[in-house]
Amino acid sequence: MIESSELPARRPGTGGTHPELALAYAADDGSFAVYNDYSAGRAVFRPRSETPPPPEVAATWRRTRDGGQVRPVAPADPVEGYGLFTFPYGPISMGVPESGRFDVRTYGERILALVPVAGYKSRRILASVCGQTVPDAALRIERLAGNFSAAHATAFLSAAESAAGASVPRGELWVRALAQELQRVYNHVHVIARVAEAASQNVGTAQTQALAEEMLRVQGSVFGHRWLFGALLPAGPRRRLDAGDRRDLSNVLRRHAATFDRLWELFLGSRTFVDRIQSTGTVTPSLAKEWGAVGPTLRACGVPWDDRLRVPTSPYTDLFLDLPQESGGDALARLLVRAHEVRASFLLIEQLLDRWTTTPEALEAPAPPVAPSRALGRVESPSGDLVYDVTLSGDRVASIGMRSASQANFPLFARGLRDGVFTDFHFAWESFGLVFSEVDG
Amino acid sequence: MPTWIGQAVRHGIVTSRYPAEPASEAEVPPTGRPPVAVKGSKLLPAGASLCPVGAISDRAVDRGRCIRCARCLPGGFEFRGPVESATRTRTGLVTGEPSPAAPEPTPPLAALSRSVHVFLVDAGSCNACNLEVLALANPFYDSQRLGVFFTNSPRHADVLLVVGVPTEEMVEPLRRAYDALPAPKAVVAVGVCAISGGAFAGTPGLHDALDQLVPVDVYVPGCPPAPVHVLDGLLRVVGRGRKAEGA
Ligand code: SF4
Ligand code: SF4
């Protein structure tokens with residue numbers, strides 16, 4: 001054990017700026033920014049003329065349109081000391097199935113600083129959809145992060161609809177919410193399985209993986225596709241959502257919800273599991289607000305922010321959402337939040353299926369644009385706040401910006417691992433639910 | 001007092017009988033089958049103009065391009081192709097009439113005829129292909145029962161499984177991983193991104209075809225392929241793939 005007084009000196013002034021309110025999104029061209037006012041529980045929209053985004057924060061979030069830049073996705077965290085070296089881990093790294101790099105400053109035991117480096121798998125999606133029609137662009141956007149496809153499709157489509165001033169049939173909005181909640185359950189269950197695997201909970205891992213597979217099968221049977229590709233697009237695979245199908249779905253999900261409850265009870269009863277993830281990858285509330293953490297990462301440090309409540313759209317405005325909140329900020333707190341959210345999502349789905357809209361054809365007006373032909377689409381993806389900024393020219397995408405939950409949370413993962421040990425890496429990594437493809441675009 | 005054993009018994013997970021028996025409907029959703037032209041449909045060949053990735057030409061579908069978007073369905077196509085659609089050649093992925101592709105000869109690659117140790121490389125994926133490959137370890141598929149193991153080191157692997165459309169930035173790491181595998185080795189391209197660029201074909205800065213970078217031994221189409229498809233592809237490496245249905 002190394003005492004903190006023995007730790008190498010950290011250069012002052014690298015802790016980032018301390019904006020009063022963290023940014024939710026800063027437009028690429030700097031024309032505006034959206035802030036989350038945590039104390040008031042609302043989002044604040046600021047045009048360019050007002051407070052500019054704090055540069056150090058904004059720099060990690062702003063999109064490079066042309067992609068293909070291998071770059072750090074968390075601020076530099078320089079530490080100095082005798083015998084320190086930088087150990088690059090990746091881009092093809094053991095245990096992390098996606099390609100990305102982690103530059104670890106260490107002298108062999110502790111992680112003194114960690115900087116994630118992304119861009120290896122940039123598919124240049126944002127650049128390549130410019131000039132495409134909205135439905136064609138949507139085929140790429142939903143593949144921006146396959147396991148968050150419903151969130152990306154919904155955020156993009158609602159931005160495009162607002163930009164075009166196009167009303168949307170209510171039924172579509174309900175279907176989008178259903179798809180998103182199903183995918184949230186899948187992702188949270190998957191994250192719990194990954195953390196359990198890292199903690200060598202073999203039986204629990206297998207059971208939880210099985211439940212994740214069940215959720216993919218549910219998505220496949222309702223939407224024709226295990227990852228919901230095409231599910232929210234006009235010409236997608238046939239959906240099975242008539243009254244009988246909804247009854248079947250509700251029965252199947254009730255069974256899966258009960259299974260989840262039993263699994264989670266067993267996990268919480270396992271001391272080795274709980275001990276292993278406690279105090280790992282801790283994010284403090286001030287760090288979370290400073291860097292603009294989102295999603296379960298934010299809610300795990302006691303900030304009750306969720307787009308479904310703070311910037312709600314139909315049908316969430318009419319549904320009851322039991323929002324979890326934890327205060328530990330560590331991997332355990334993030335898992336507690338996710339587990340609670342699995343239940344909350346099952347409950348949301350039950351409400352959706354019970355009260356399925358009787359007027360699916362009724363048109364709902366889109367949110368107002370932020371400028372002519374330019375609008376934001378914002379949804380709570382499984383890992384948190386996701387923002388699309390779409391400008392249309394006719395029926396085509398003229399320009400597009402995006403800020404994903406993973407982009408927002410990468411700096412927190414890096415800070416959370418600071419001064420940890422190597423064996424913490426996988427627990428921390430999995431508990432954040434970060435996806436490189438969502439950062440690379 | 002709940003226990004893991006009690007939970008396991010109650011949950012009753014049924015391990016797939018694939019490939020001894022055909023894949024079940026639960027294992028392969030509608031889009032898990034490639035589209036084929038509906039016999040005698042008057043709509044044809046309208047499908048070609050509806051396809052966003054140019055996978056259709058006349059009545060033939062290039063499964064190596066098809067992203068399963070369903071846009072061709074109103075144009076006289078149906079998701080009714082064979083479940084087993086992995087091939088040993090790129091051209092084998094192009095299917096003509098509604099009849100399934102002729103089964104290909106699948107001689108095992110030398111010295112790889114028992115178990116396979118697989119190293120996964122993500123060359124530029126959306127993450128769904130990665131997760132479908134990893135799903136082979138879940139108790140539903142339990143790929144170890146068939147001698148398919150995943151390894152964390154390319155030096156212990158005999159199969160390089162590549163997902164995603166190779167980005168310029170991943171070409172070098174990909175080549176290094178390929179070189180690190182000891183011979184004899186096989187490369188399996190999983191998902192249409194790796195086969196043809198899939199939904200991203202033609203984007204500057206991306207390599208549309210993995211087989212232009214490293215030799216590919218087995219092609220597994222789909223966007224993403226379901227776990228049984230990946231299993232089929234891996235078993236084809238060792239000559240144990242299921243014959244296409246109806247063949
Ligand atoms: S499903 Fe989509 S990609 Fe596949 S052939 Fe039909 S239109 Fe083309
Ligand atoms: S083939 Fe489809 S599922 Fe696989 S990486 Fe490409 S877009 Fe994702």
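Over all chains, a search of the whole structure finds 32 salt bridges, a salt bridge being a side-chain nitrogen of Lys or Arg within 4 Å of a carboxyl oxygen of Asp or Glu. The model is predicted, so local features need pLDDT of at least 70 and side-chain atom pairs count only at pLDDT 80 or more, whereas totals for chains, interfaces and linings use all residues. Residues are numbered from 1 along each chain as its sequence is written, chains are lettered from A in the order in which they are written, and side-chain values use heavy atoms, with hydrogens and water left out.

**View 1. Arg170(A) and Glu364(A) form a salt bridge.** The N to O distance is 2.6 Å. Because Arg170(A) lies in helix 5 and Glu364(A) in strand 9 (residues 363-364) of chain A, the pair ties together parts 194 residues apart in sequence. Helices (H or I, at least four residues) and strands (E, at least two) are DSSP runs, numbered from the N terminus. Arg170(A) is partly exposed at 25% relative accessible area, while Glu364(A) is buried at 18%. Buried denotes under 20% relative accessible area, exposed over 50%, and partly exposed the range in between (1.4 Å probe, protein chains only).

**View 2. Arg194(A) pairs with Glu430(A) in a salt bridge.** Their side chains meet at 3.0 Å, N to O. This pair links distant parts of the chain, 236 residues apart: Arg194(A) belongs to helix 5 and Glu430(A) to helix 14 (residues 425-432) of chain A. Both residues are buried, Arg194(A) with a relative accessibility of 14% and Glu430(A) with 10%.

**View 3. Arg378(A) forms a salt bridge with Asp307(A).** The closest N and O atoms are 3.8 Å apart. Arg378(A) is buried at 14% relative accessible area, as is Asp307(A) at 2%. Salt bridges with shared partners also join Glu181(A), Arg184(A), Arg299(A), Asp306(A), Arg308(A), Glu341(A) and Glu380(A) into one network.

**View 4. Ser149(A) is buried in helix 4 of chain A.** The helix spans residues 149-164, and the relative accessibility of Ser149(A) is 0%. Its side chain reaches the backbone oxygen of Trp227(A) at 2.6 Å. Leaving aside residues up to four places away in sequence, Ser149(A) touches Glu142(A), Gln183(A), Trp227(A), Leu228(A) and Phe229(A); contact means heavy atoms within 4.5 Å.

**View 5. Chain A meets chain B through 56 residues of chain A and 57 residues of chain B.** The area buried between the chains is about 4,700 Å², with 62% given by carbon and sulfur atoms; buried area is the accessible area (1.4 Å probe) that two parts lose on being put together, summed over both. Four salt bridges are counted between chain A and chain B, and Glu169(B) and Arg124(A) meet in a salt bridge at 2.9 Å, N to O. Several elements give two or more residues to the side of chain A that touches chain B, among them helix 2 (125-129) and helix 3 (134-141) of chain A. Helix 6 of chain A gives the most to this side, with 11 residues.

Definitions and conventions:
A polar contact is a pair of N or O atoms within 3.5 Å; within protein, one must be able to donate a hydrogen and the other to accept it, and residues adjacent in sequence count only if both atoms are side-chain atoms.
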